[in-house]
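Open the model in your viewer and show the side chains. The tour below goes from one selection to the next.

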Amino acid sequence: MSELTITDQRLKPIAAKVLAGERLNMDDGIALYRSPDLLAVGWLANYVREKRHGNITYFNVNRHINPTNVCVAHCKLCAFGRDPDAPGAYTFALEEIYQRAEQGVREGATEFHIVGGLHPDLSFDHYLELVRGLKQRCPTVHIKAFTMVEVHYFSRIAKLSIEEVLEKMKAAGVDSCPGGGAEIFHPRVRKIICDHKTSGQMWLNTAKKAHEAGLRSNATMLYGHVETEEERVDHLIKLRELQDETHGFVTFIPLAFHPDNTALSHIPKPTGYADLRNIAVARLLLDNFDHIKAYWIMLSPSMAQIALRFGANDLDGTVVEEKIYHDAGAKTSEFTPRAELERLIRAAGRTPVERDTQYRPVDRSKMPPLPPAPRPDLVSLTLNV
Ligand code: V47
């Protein structure tokens, strides 16, 4: 590693704590966000990252599936959700989801990442059937499905406790949960960007119950809209406190707000500087999280590559089809092949390791050959509900 050079005197005591492996506090977090010396903040985050993971950078072969964009939440931050009869509203039939999943298997996917809108007319049983059908058809693929917001919504529509919902999800075949819907926990911010959604406290309670039920999950933070630095640090510390209790979080993913086509389109996009700082501060504050993900779809492949020197140790996956960010103006591709992810990681001076969802290395030479013939293009089957 290069030498640490600090031009901002306020960072010196924080650097001493990081080098001694001591926990950072709220004031340290705020100082890291406010420091003009981004390179020193990045150096410290990279120090922690290399201590944990050396040169390794993980990626996976996955497929995102968004079963519906119909959503009752109407979050101002979102460009994806639609009313049932609005132009562009869609709900995939189960058969269409299975076709997409089977195509994913032929492409070598080890994970399905499933997140959708809060549909007013689909029952919890429909989602359980979706998962059961996926598990039956693709038994070796890890199903990472439903955010804490969806879990909370299922409990309301099915009139079941959160614990009962989680047990039924597990029994159907859900293996873990994605980290979406966390946004910023502070009520002031939620009132502006996602007024009708699950509260921050409820998101945390639900994650705690998921971990207690044996489902591990990811965590996210949406930055670059109306939140303050204090509210970001508060969010990270709340995640760290829950992780101390449950050790159920696998990965943290900072998500940059994309304003296009949202009710907050007047807010400018976060800059590259903000992207790198959020990765770095997360790595430094979340001392009990193993992994920090630079989600290339959200950051762009080039910025995600640089983030691998600012604390991130994972790029996420091949993805294939992505709607939430692309509806909000993301200019990235929806798919990056495995070889390109490896090339990006190597070009950043890191060692690529394909992982499964639990971060176990995937050895393709020991796996059965992929099914040969790709199926013809999917026929669009729209469910009228
Ligand atoms: O919860 C929605 C965010 C999230 C916008 O767990 C937006 O591995 C920016 O959580 N601009 C869903 N962000 C995506 C997500 C995720 C992504 C990748 C990996 C994992 C994981 C989880 O996307 C939402 C919300 O925070 N979002 N709209 C927008 N306009």
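Start by selecting V72, in the loop that runs between strand 2 (62–65) and helix 4 (94–106). The model is a predicted one. For P120, check the distance between C-alpha atoms: it is 6.4 Å, although V72 and P120 are 48 residues apart in sequence.

Next, go to H225. This residue sits in the loop between strand 6 (216–223) and helix 10 (229–246). Is H225 buried or exposed? Its relative accessibility is 11%, so H225 counts as buried, the limit being under 20%. Show I184, V189, I193, F257 and I267 as well; H225 touches them, not counting residues up to four places away in sequence. Then turn to the side chain of H225 and find its polar atom that lies 2.7 Å from the backbone oxygen of L222.

Last, select helix 2, residues 26–34. At its start, look for a side-chain oxygen of N25, which comes within 3.1 Å of the backbone nitrogen of D27. Within the helix, colour D28, G29, I30, L32 and Y33, which are buried. What covers these buried residues? The cover includes helix 1 (12–20), helix 3 (38–53) and helix 11 (272–285). Strand 6 and helix 10, on either side of the loop that holds H225, are also among the covering elements.

Terms used:
Residues are numbered from 1 along each chain as its sequence is written. This is a predicted model: local features need pLDDT of at least 70, side-chain atom pairs count only at pLDDT 80 or more; totals for chains, interfaces and linings use all residues. Side-chain values use heavy atoms; hydrogens and water are left out. Helices (H or I, at least four residues) and strands (E, at least two) are DSSP runs, numbered from the N terminus. Buried means under 20% relative accessible area, exposed over 50%, partly exposed in between (1.4 Å probe, protein chains only). A polar contact is a pair of N or O atoms within 3.5 Å; within protein, one must be able to donate a hydrogen and the other to accept it, and residues adjacent in sequence count only if both atoms are side-chain atoms. Contact means heavy atoms within 4.5 Å.
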